[in-house]
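Dear colleague,

I am passing on the structure that we spoke about, and my notes follow below it. Please read them with the model open beside you.

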Amino acid sequence: MSWRQERPDLDVSPLQVLSRVSRLARHLDRARRASFAEHDLEPWEFDVLTTLRRSGEPYELSPGALLRATLVTSGTMTNRIDRLTAARLVRRRPDPEDRRGVLVSLTELGRARVDEAFADLLRRERELLASLDADEQRTLAALLRTMLVPFDSAANGA
């Protein structure tokens with residue numbers, strides 16, 4: 001039986017899109033977790049390391065900039081930096097611009113690990129998109145971007 005038969009009084013058309021988006025998100029999550037695990041990284045570690053990596057040389061940010069970029073609390077970010085420092089993936093150093101502050105930077109090990117994991121993730125994500133040609137991928141990206149605008153605006157306080 002289908003929802004259309006069971007509840008003809010309801011417009012179930014959103015399910016045709018959003019149920020598929022949800023299923024796809026589960027596949028993407030599995031691919032991401034597999035990629036991160038293959039490189040001995042947790043998803044949150046990848047998040048912090050990629051934030052540093054895409055900041056450009058010297059791959060260094062304040063803890064405040066990291067928490068704003070990763071949308072976590074100050075206590076959570078402190079714990080994450082501590083754990084990444086213990087794993088020798090990042091290091092802390094005093095901020096020369098602010099005597100009370102510190103800067104967090106990628107170590108060579110951290111940069112190598114995130115670069116390898118990122119390349120592997122992109123390979124896996126290309127596999128997920130393989131059934132779409134380049135034009136279809138651009139169209140899908142544009143449609144998803146449009147759908148996300150209200151959520152991104154709300155997250156940025158707009």
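**Helix H2 and what surrounds it**

Directly after helix H2 comes Asp 40, which has a positive phi, near 55°. Please keep in mind that this is a predicted model, in which local features need pLDDT of at least 70 and side-chain atom pairs count only at pLDDT 80 or more, while totals for chains, interfaces and linings use all residues. Residues are numbered from 1 along each chain as its sequence is written, and side-chain values use heavy atoms, with hydrogens and water left out. Helices (H or I, at least four residues) and strands (E, at least two) are DSSP runs, numbered from the N terminus.

H2 itself has 26 residues and spans 38 Å from its first C-alpha to its last, close to the 38 Å expected at 1.5 Å a residue, where the expected span is 1.5 Å times one less than the number of residues. Its buried residues are Ala 31, Ser 35 and Phe 36, and what covers them includes H3 and H6. Here buried means under 20% relative accessible area, exposed means over 50%, and partly exposed lies in between (1.4 Å probe, protein chains only).

**The aromatic pair**

How many aromatic pairs does a search of the whole structure find? The search finds one, and in this pair the rings of Phe 36 and Phe 46 have their centres 4.3 Å apart and their planes at 25°, so the pair is stacked. Rings of Phe, Tyr and Trp (its six-membered ring) pair if their centres lie within 6.5 Å, and planes under 30 degrees apart count as stacked, over 60 as edge-to-face and the rest as tilted. Because Phe 36 lies in helix H2 and Phe 46 in helix H3 (residues 43–53), the pair ties together parts that are ten residues apart in sequence. Phe 36 counts as buried at 3% relative accessibility, and Phe 46 is buried as well, with a relative accessible area of 7%.

**Salt bridges**

Across the whole structure, 13 salt bridges are found, each being a side-chain nitrogen of Lys or Arg within 4 Å of a carboxyl oxygen of Asp or Glu. One of them joins the side chains of Arg 32 and Glu 125 (3.2 Å, N to O). Since Arg 32 lies in helix H2 and Glu 125 in helix H6 (residues 108–128), this pair ties together parts that are 93 residues apart in sequence. Arg 32 is partly exposed, with a relative accessible area of 31%, whereas Glu 125 is buried at 19%.

Another salt bridge brings together the side chains of Glu 60 and Arg 93 (2.8 Å, N to O). This pair links distant parts of the chain, with Glu 60 in strand E1 (residues 60–61) and Arg 93 in strand E2 (residues 90–95), 33 residues apart. Glu 60 is buried, with a relative accessible area of 18%, while Arg 93 counts as partly exposed at 35% relative accessibility.

The side chains of Asp 98 and Arg 100 also meet in a salt bridge (3.9 Å, N to O); Asp 98 counts as partly exposed at 31% relative accessibility, and Arg 100 counts as exposed at 80%. Finally, salt bridges that share partners join Glu 38, Asp 120, Arg 123, Arg 124 and Glu 127 into one network.

Ser 105 is buried, with a relative accessible area of 4%. Setting aside its neighbours within four places in sequence, Ser 105 is in contact (heavy atoms within 4.5 Å) with Leu 52, Pro 58, Tyr 59, Glu 60, Leu 89, Val 90 and Arg 91.

**On the surface**

Val 17, Leu 18, Val 21, Leu 128, Leu 129, Leu 140, Leu 144 and Met 147 make a nonpolar surface patch of about 590 Å². Patches are made of residues with over 30% relative accessible area and no salt bridge, with like charges joined within 9 Å and nonpolar side chains (Val, Leu, Ile, Met, Phe, Trp, Tyr) within 5 Å; accessible areas come from the Shrake-Rupley method with a 1.4 Å probe, and for residues only the protein chains shown count as cover. Helix H2 (13–38) and helix H7 (134–155) each supply at least two residues of this patch. Leu 140 lies in helix H7 and counts as partly exposed at 32% relative accessibility.

With kind regards
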